[in-house]
Amino acid sequence: MDPMVWRNTMGQFATGVTVITTLDQEGNPLGMTANAFTSLSLDPPMVLICVDRHSATLTELAATGKYCVNILEKSQESISRQFAKKGGNEKFLGIAYHAGETGLPVLEGCLTSVECVVEDVLEGGDHLVLLGRGLHIHTPEGAAEPLLFYRGKYAALDKAGA
């Protein structure tokens, strides 16, 4: 299978956009943009994220054993782009966040954020799949719309048919 054909095919599936946050071993915030996220189980409450094996954040995620999934709102494209770059805690410059119940960085203005503890790590080709048990949910007041990713570009809901 040609990798670019596969990537373009998978790009036909619209996804939400998240920023996964964690802490390094010194307690500094780290984060990365990810759209490989899904709900896994209601009982117990679980989600999964998929992280590239070459991601510098992966090492810290594994060491910390916990992460926060911040589901981005449509106005947060610039945050998605900032966390998609390589780097460390400098990604947090200018980003509003607070420490959640587990001490993890919870980004402000998101649709919702879920703090998780890693329950298991599975092999997934060039990625690792981190199964996380949901511990705390942060949902701000007010309705908003999700930031979407479709065919390699940011997208918005088309509410004309709603």
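Q: What makes Phe37, Ser39, Ser41, Leu42, Pro45, Met46, Val47, Ile71, Val114, Gly134, Leu135 and Ile137 the lining of the second largest pocket?
A: A pocket is an open set of points on a 1 Å grid over the protein atoms alone, with protein on both sides within 12 Å along at least five of seven lines, and lining residues have an atom within 4 Å of a point. Those residues, Phe37 and Ile137 among them, therefore count as lining. This is a predicted model, where local features need pLDDT of at least 70 and side-chain atom pairs 80 or more, while totals for chains, interfaces and linings use all residues. Numbering runs from 1 along each chain as its sequence is written, and side-chain values use heavy atoms, leaving out hydrogens and water.

Q: How do you know that the whole structure has 0 disulfides?
A: A disulfide needs two cysteine sulfur atoms within 2.5 Å. Cys110's sulfur sits 8.0 Å from its closest cysteine sulfur, in Cys68, so that's too far for a bond. For Cys116 the closest is also in Cys68, at 7.3 Å, so again too far. The search of the whole structure comes up with 0.

Q: Why is Cys116 called buried?
A: Its relative accessible area is 1%, and buried means under 20% (exposed is over 50%, partly exposed in between, with a 1.4 Å probe and protein chains only). Cys110, at 5%, is therefore buried too.

Q: Which residues come closest to the centre of the largest pocket, with about 1,600 Å³ of space?
A: Arg7, Ala34, Asn35, Ala36 and His127, out of 43 lining residues.

Methods. 1 Å grid on protein atoms, 1.4 Å probe; cavity = no way out; pocket = protein on both sides within 12 Å on 5 of 7 lines; lining within 4 Å.
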